[in-house]
Amino acid sequence: MSKLTKNQKLAAEKIEAGKSYTLAEAAALLKEITFTKFDASADIDVRLGVDPRKANQMVRGVVSLPHGTGKEVRVLVLCNPDVEAAAKEAGADYVGLDEYIEKIKGGWTDIDVIITQPQIMGKIGPLGRVLGPRGLMPNPKSGTVTPDVAKAVKEVKQGKIDFKVDKGGIVHTSIGKVSFSPEKIKENAVAFIQTLIKLKPAAAKGTYIKSIYLSSTMSKGIKVDTKSIDA
């Protein structure tokens, strides 16, 4: 077993074993236990009391984080020529159609989000093998297939994220950067958790929010008291 580094030891000493922290405490502590030379992501993991194998217990949604993600999101809009100007004005990094479809067929995926119009999906469908495994396939449920592509671009650029429960019943996502103030990390976390609560499936029984952990890109997880969501 490898030895802990000096910084890892310092981080471990700051987290009390077996303790659950309030969301405000965890957000502040996250900054104290992160020693990366780069601006690490602030991540949240929420274990839900659902069985994702059952269609009526699948949890998937979108949320606009009040303080954004802190990341520069590269957006490709695949659309008809009549809305290209609006998409560019909204902040899209790449706008077009056939030329980008050909680039993607050739393996190009140097983007974070693809937004398109409903009438274009017929052309994009065959790209599923390339886009699906990378989580880039546009989807109406995530708001990336829409008649109003300009609005969708603005929302993504301002901090709108989509999420989905995994096979283990956990929803994992980034809610900002460690450079954010503890207050901003906490407020982004609250917005995310409250969205999860609103999406609770009617078929889910028992405790819905089972556990919450905050962590940074390379830090240990900090257990959050699930009763402190508004604390």
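What volume does the largest pocket have? Here are some friendly notes on that and a few other points.

1. **Ground rules.** This is a predicted model, in which local features need pLDDT of at least 70, side-chain atom pairs count only at pLDDT 80 or more, and totals for chains, interfaces and linings use all residues. Numbering starts from 1 along each chain as its sequence is written, and side-chain values use heavy atoms, with hydrogens and water left out.

2. **The pocket.** The volume of the largest pocket is about 780 Å³. A pocket here is an open set of points on a 1 Å grid over the protein atoms alone, where a 1.4 Å probe fits, with protein on both sides within 12 Å along at least five of seven lines. The volume is the space filled by probe spheres set on the points, which are joined across faces, edges and corners.

3. **Its lining.** Lining residues have an atom within 4 Å of a point. There are 26 of them, and Asp112, Val113, Gly135, Ile161 and Asp162 are the closest to the centre of the pocket. Strands S5 (113-116), S6 (160-164) and S7 (170-177) each give two or more residues, with S6 supplying the largest share, 5 residues. By class, the lining has 9 nonpolar, 9 polar and 8 charged residues; Gly counts as polar, and Asp, Glu, Lys and Arg as charged.

4. **The chain as a whole.** The protein chain has 8 helices and 9 strands, taken as DSSP runs (H or I, at least four residues, for helices; E, at least two, for strands). Its C-alpha trace spans about 55 × 45 × 35 Å along the principal axes. Of its 231 residues, 45% count as buried, meaning under 20% relative accessible area with a 1.4 Å probe and protein chains only.

5. **Helix H8.** Residues 182-198 form H8, whose 17 residues reach 24 Å from first C-alpha to last, close to the 24 Å expected at 1.5 Å a residue. The expected span is 1.5 Å times one less than the number of residues. Its buried residues include Ile185, Val190, Phe192 and Leu196. Among the elements that cover the buried residues of H8 are helix H2 (23-32), strand S1 (41-48), S6 and S7.

6. **Glutamine 57.** This residue is found in the loop between S1 and S2. Is glutamine 57 buried or exposed? Glutamine 57 is buried, with a relative accessible area of 10%. Leaving aside neighbours within four places in sequence, glutamine 57 is in contact (heavy atoms within 4.5 Å) with Gly49, Val50, Asp51, Pro201, Ala203 and Ala204.

Technical notes
Buried means under 20% relative accessible area, exposed over 50%, partly exposed in between (1.4 Å probe, protein chains only).
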